[in-house]
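Subject: Structure for you to look at

Hello,

Here is the structure I promised to hand over. Please open it next to this email and follow along.

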Amino acid sequence: MQFETIPWRGRFGPFELKVGPATFRPSTISGLVADTMEVDEGSTVIDVGCGSGILSIIAAKLGARMVFGIDAAEGTVEVATSNAEAQGVADRTSFHEGNVFDPLPDGVEADLVIGDISGIPDPLASASGWFPAGLAGGPTGAELPMRMLEEAKRFLRKGGRLLLPTGTLQDEKSILDKAKSVFGTLRQLTERAIPLPTSLMDHPVMSRLVKDRVVEVSQRGSRYLWTARVWEASA
Ligand SMILES: C[S@@+](CC[C@H](N)C(=O)[O-])C[C@H]1O[C@@H](n2cnc3c(N)ncnc32)[C@H](O)[C@@H]1O
């Protein structure tokens, strides 16, 4: 497998991250989630959709006793473990390849679930090239996050928290409705308007998703923007 190194300039950065051909490259959302993350000293964390392991590494640096990172992309264990070693947190992280929570060892109960799993509509993921493994969120981008939400509570201790990024490039309302039905209340931690590449805005897939009201994009001058949000829910 061929690896590259890319820069991480977010929390605790700058440092380099190793990525493989199927690894998700950390995005603006990764930075937003990293910035809003609070971890109690000694806690257990699950990072579902961990990609390069960046958010697991941040959680370990913030004081987690153990972080379990899971991702379905090929090469996850090798890539994320190598990044954790380079950042001196390999003894507090454990990476697993597989579907959603399936590969977790028996009996894991977390104080925090980082729920940054793919949530971009499948056709938009293909058009954008943002997901090198082709692992997107389902037809509207809500299907996979909703499945993750249905399962997450089972792995949280009473009083445990879930961090959930959402945005207007997916059927956000369905995800938030599901999160409220599972967890009760949600607290918004942050919001950011993010420019959308013009090439993507001009793509026929995008026009269809906007027309079908699956995604929402606003215009400021000549720029197109979508909005990302990070939420917290308590079990
Ligand atoms: C938006 S990326 C976030 C990655 C990482 N948290 C970061 O900030 O760089 C979502 C991740 O979910 C993974 N993913 C997609 N479908 C999955 C599934 N069914 N089970 C586990 N992980 C999945 C993708 O491979 C991708 O790495």
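Start with the ligand and Ser30. A polar side-chain atom of Ser30 lies 2.7 Å from an oxygen atom of the ligand. That is a polar contact: a pair of N or O atoms within 3.5 Å, where, within protein, one must be able to donate a hydrogen and the other to accept it, and residues adjacent in sequence count only if both atoms are side-chain atoms. Gly49 uses its backbone instead: one of its polar backbone atoms is 2.9 Å from a nitrogen atom of the ligand. For Ala72, a backbone N or O atom lies 3.2 Å from a ligand nitrogen. The protein covers 94% of the 590 Å² of accessible area that the ligand has on its own. Such areas come from the Shrake-Rupley method with a 1.4 Å probe, and for residues only the protein chains shown count as cover.

A word on the source: this is a predicted model, in which local features need pLDDT of at least 70, side-chain atom pairs count only at pLDDT 80 or more, and totals for chains, interfaces and linings use all residues. Residues are numbered from 1 along each chain as its sequence is written, and side-chain values use heavy atoms, with hydrogens and water left out.

Now the rest of the ligand shell. The ligand is surrounded by 20 residues. The closest are Ser30, Gly49, Asp71, Asn99 and Val100. By type, the shell has twelve nonpolar, six polar and two charged residues. Nonpolar means Ala, Val, Leu, Ile, Met, Phe, Trp, Tyr, Cys and Pro; charged means Asp, Glu, Lys and Arg; the others, Gly among them, are polar. The ligand takes up the space of the largest pocket. A pocket is found on a 1 Å grid over the protein atoms alone: an open set of points with protein on both sides within 12 Å along at least five of seven lines.

Most residues other than glycine have a negative phi. Val100 is in the loop between strand E5 (93-97) and strand E6 (110-114). Helices (H or I, at least four residues) and strands (E, at least two) are DSSP runs, numbered from the N terminus. Is Val100 buried or exposed? Val100 counts as buried because its relative accessibility is 5%. The cut-offs are under 20% relative accessible area for buried, over 50% for exposed, and in between for partly exposed (1.4 Å probe, protein chains only).

Arg213 also has a positive phi, about 60°, and is not a glycine. Find Arg213 in the loop between helix H8 (204-211) and strand E9 (218-220). Arg213 has 76% relative accessibility, so it counts as exposed.

Next, a peptide bond. Most peptide bonds are trans. The one from Gly13 to Pro14 is cis, with omega near 0°. Pro14 lies in the loop between strand E1 (4-8) and E2. Ala84 is 70 residues from Pro14 in sequence and 15 Å away in space, C-alpha to C-alpha. Ala84 is in helix H3 (residues 76-86). Ala84 is buried because its relative accessible area is 0%.

Thr23 is in the loop between strand E2 (15-19) and helix H1 (28-36). A polar atom of the Thr23 side chain lies 2.8 Å from the backbone nitrogen of Gly20. With 4% relative accessibility, Thr23 counts as buried.

Helix H2 (residues 54-61) is mostly covered, with seven of its eight residues buried. Among them are Ile54, Leu55 and Ile58.

Last, strand E7. Gly160 is buried, at 4% relative accessible area. Lys158 is exposed, at 85%. Lys153 sits in the loop between helix H5 (143-152) and E7. Lys153 is partly exposed, at 38% relative accessible area. Its C-alpha is 6.4 Å from that of Ala235, 82 residues apart along the chain.

Best wishes

Technical notes:
A residue is near a molecule or strand if one of its heavy atoms lies within 4 Å of it. On a 1 Å grid over the protein atoms alone, a cavity is a set of points where a 1.4 Å probe fits but cannot get out, and a pocket is an open set with protein on both sides within 12 Å along at least five of seven lines; lining residues have an atom within 4 Å of a point. A molecule sits in a cavity or pocket if more than half of its atoms lie within 2 Å of its grid points.
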